[in-house]
Amino acid sequence: MAKRSNHLFGEIANFAALHKAAKRAVRGKRAKPGAAGFMANLEKNLLSIEARLQSGTWRGGGYTEIEIFEPKHRRISAAPFRDRVVHHALCSVVAPIFERGFIANSYANRTDYGTHRAVTRYEHYRDRYRYVLRCDIYRYFPAIDHAILKRDLRRRIACEPTLALLDEIIDGSNQQEPVEVFFPGDDLLEVAAHRRGLPIGNLTSQLFGNVYLNGFDHYVKEVLHAPYLRYVDDFALFSNDIEILKVWQASIAHYLQGRRLLLHPEKTFIVATSEPATFLGYELRAGGQRRLPEASVRRFRNRLRGLRDVWQAGQQDELNIRQRVNAWVAHAGHADTWRLRHALFRGGWFDPAREPESPPGGRVVRGGSWNNNSNNARSANRNNNTPANRNNNNGFRVASTLRTARADVFTEMSGEFRSVQGFS
């Protein structure tokens with residue numbers, strides 16, 4: 001059994017730790033009323049939280065629930081800002097304990113991992129195997145069983161006050177979408193006795209989601225010995241033998257039943273890796289090509305129009321609006337989207353006063369590399385190059401239009417697009 005960590009609560013429930021947590025929690029949210037009000041009386045609020053934690057009387061507040069319908073229907077739960085400060089303080093101490101046991105191919109909600117590395121790893125396996133088993137867990141966060149999660153947390157943590165705080169956050173979860181699923185041996189009383197569901201949107205839920213599937217990760221890697229990667233509840237296994245993938249699928253379904261989870265019947269399938277695949281917001285095609293799904297582009301164009309409207313109404317300044325679109329720009333920058341970004345951002349800069357246009361005609365070609373490593377051809381920053389780095393590993397993109405014979409070469413450096421004219 002793994003070593004259990006003790007004497008953690010003092011690192012969580014002290015003024016200095018809570019102050020650092022508040023600084024992390026407020027990043028990008030200073031203009032929000034809850035965060036602004038908390039930070040206006042920061043010292044008083046932190047002392048109050050510290051006293052409640054140390055006395056064991058801290059209780060989480062109610063959640064603000066938001067229903068979203070794109071790209072799918074979900075219920076997002078926003079905890080009060082003072083609760084988020086506690087979540088940050090807790091995760092800063094607890095998360096590293098579990099992080100040491102996570103496998104390398106688990107990419108969600110981890111520092112220096114993320115969607116782009118997961119997609120790159122998917123492409124790595126896709127280029128080496130003929131078939132892929134794509135899996136998704138049916139209503140993952142609403143289905144997480146509280147008793148099983150608490151048992152998992154106790155395998156690595158022995159500090160009773162810390163466990164009590166973790167239990168308080170889990171037990172304080174608001175009601176999630178119902179998951180009426182019966183497992184072997186269940187009856188109506190058995191199903192009703194299981195508390196399930198974690199709020200989507202909590203920092204703690206992101207950690208708990210990885211903890212809950214950590215044993216499963218090790219099962220796939222160490223028992224099935226499968227080429228495998230996971231991002232939250234979306235995961236993939238690769239093989240050259242389709243029959244092996246069918247056996248693995250049955251084994252996975254059986255294992256997940258022990259965690260009171262089911263594979264999604266419509267999102268679990270086996271397909272040839274030569275077929276185009278949608279994974280983590282990209283359409284992945286042969287030859288290393290990436291596209292953004294049309295639905296994603298349409299949603300973002302609508303969002304841009306909404307941002308333009310609030311800017312024109314004086315409800316947001318341009319700096320805040322630019323910050324809100326930066327994440328999407330970074331996401332789009334890892335795909336073949338030069339024409340789209342040129343239409344929406346004037347070649348890289350968002351103008352909220354301007355109506356987004358249709359992309360210009362022509363096509364975009366992923367460039368080669370001045371080095372002998374073909375992986376460097378996908379984008380200039382795929383090697384983590386900085387603007388000051390002028391080595392020969394940078395890839396390039398060539399965009400041609402139908403109206404002129406001239407092409408522009410755009411080199412991507414740290415999210416900025418620098419135009420080099422004069423190519424013919």
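Two strands pair if DSSP finds at least two bridges between them. Helices (H or I, at least four residues) and strands (E, at least two) are DSSP runs, numbered from the N terminus. The model is predicted: local features need pLDDT of at least 70, side-chain atom pairs count only at pLDDT 80 or more, and totals for chains, interfaces and linings use all residues. Residues are numbered from 1 along each chain as its sequence is written, and side-chain values use heavy atoms, with hydrogens and water left out.

**View 1. The sheet of strands 7, 8 and 9.** Three strands make up an open sheet in the order 7-8-9, with antiparallel pairing. Strand 7 (277–279) and strand 9 (290–291) are the edge strands, each pairing on one side only. Strand 7 and strand 8 (residues 282–284) run antiparallel and are joined by three bridges. Phe-279 has Tyr-282 as its bridge partner in strand 8. Helix 6 packs on this sheet and touches strand 7, strand 8 and strand 9; its direction makes about 15° with that of strand 8. Axes here are lines fitted to C-alpha atoms, for helices over the stretch in contact, and angles run from 0 to 180 degrees between N-to-C directions.

**View 2. His-116 in helix 6.** His-116 belongs to helix 6 (residues 115–126). With a relative accessible area of 22%, His-116 is partly exposed (buried means under 20% relative accessible area, exposed over 50%, partly exposed in between; 1.4 Å probe, protein chains only). Apart from neighbours within four places in sequence, His-116 is in contact with Tyr-282, Ala-330, His-331 and His-334; contact means heavy atoms within 4.5 Å. His-116 and Tyr-282 are 166 residues apart in sequence, and their C-alpha atoms are 9.8 Å apart in space.

View 3. Four strands form an open sheet in the order 4-5-3-6, and the pairing is antiparallel. Strand 4 and strand 6 (269–272) stand at the edges with a single partner strand each, so one side of each has no neighbour in the sheet. From one strand to the next, the twist averages 20°. Helix 6 lies across strand 3, strand 4 and strand 5, and runs at about 155° to strand 4.

View 4. Six of the six residues of strand 5 (residues 234–239) are buried, so the strand is largely enclosed by the rest of the structure. In a regular strand the side chains alternate between the two faces of the sheet. Both faces of strand 5 are covered: Asp-234, Ala-236 and Phe-238 are buried on one side, and Phe-235, Leu-237 and Ser-239 on the other. Strand 3 (residues 131–136) pairs with strand 5 in the antiparallel sense over six bridges. Cys-135 has Phe-235 as its bridge partner in strand 5, and Asp-136 stands opposite Asp-234. Strand 4 and strand 5 also run antiparallel, joined by four bridges, and here the bridge partner of Arg-230 is Phe-235. The hairpin of strand 4 and strand 5 has two residues between the strands, and Val-232 takes a positive phi near 55° in it.

View 5. Eight of the 10 residues of helix 11 (residues 203–212) are buried, so the helix is largely enclosed by the rest of the structure. The buried residues are Thr-204, Ser-205, Leu-207, Phe-208, Gly-209, Asn-210, Val-211 and Tyr-212. Their cover includes helix 5 (81–99), helix 7 (140–143), helix 8 (146–154), helix 9 (160–171), helix 12 (214–222) and strand 4 (228–231).

**View 6. Lys-150 in helix 8.** Lys-150 is found in helix 8 and is buried, with a relative accessible area of 19%. Leaving aside neighbours within four places in sequence, the contacts of Lys-150 are Asp-167, Ile-170 and Asp-171. The C-alpha atoms of Lys-150 and Leu-166 are separated by 8.2 Å, and the two residues are 16 residues apart along the chain.

**View 7. The crossing of helix 3 and helix 4.** The axes of helix 3 (residues 33–40) and helix 4 (residues 42–55) come within 5 Å and cross at roughly 90°. Helix 3 and helix 4 are therefore roughly perpendicular to each other (65 to 115 degrees; angles under 35 count as roughly parallel, over 145 as roughly antiparallel and the rest as oblique). Gly-37, Phe-38, Met-39 and Ala-40 of helix 3 meet Leu-42, Asn-45, Leu-46 and Ile-49 of helix 4.
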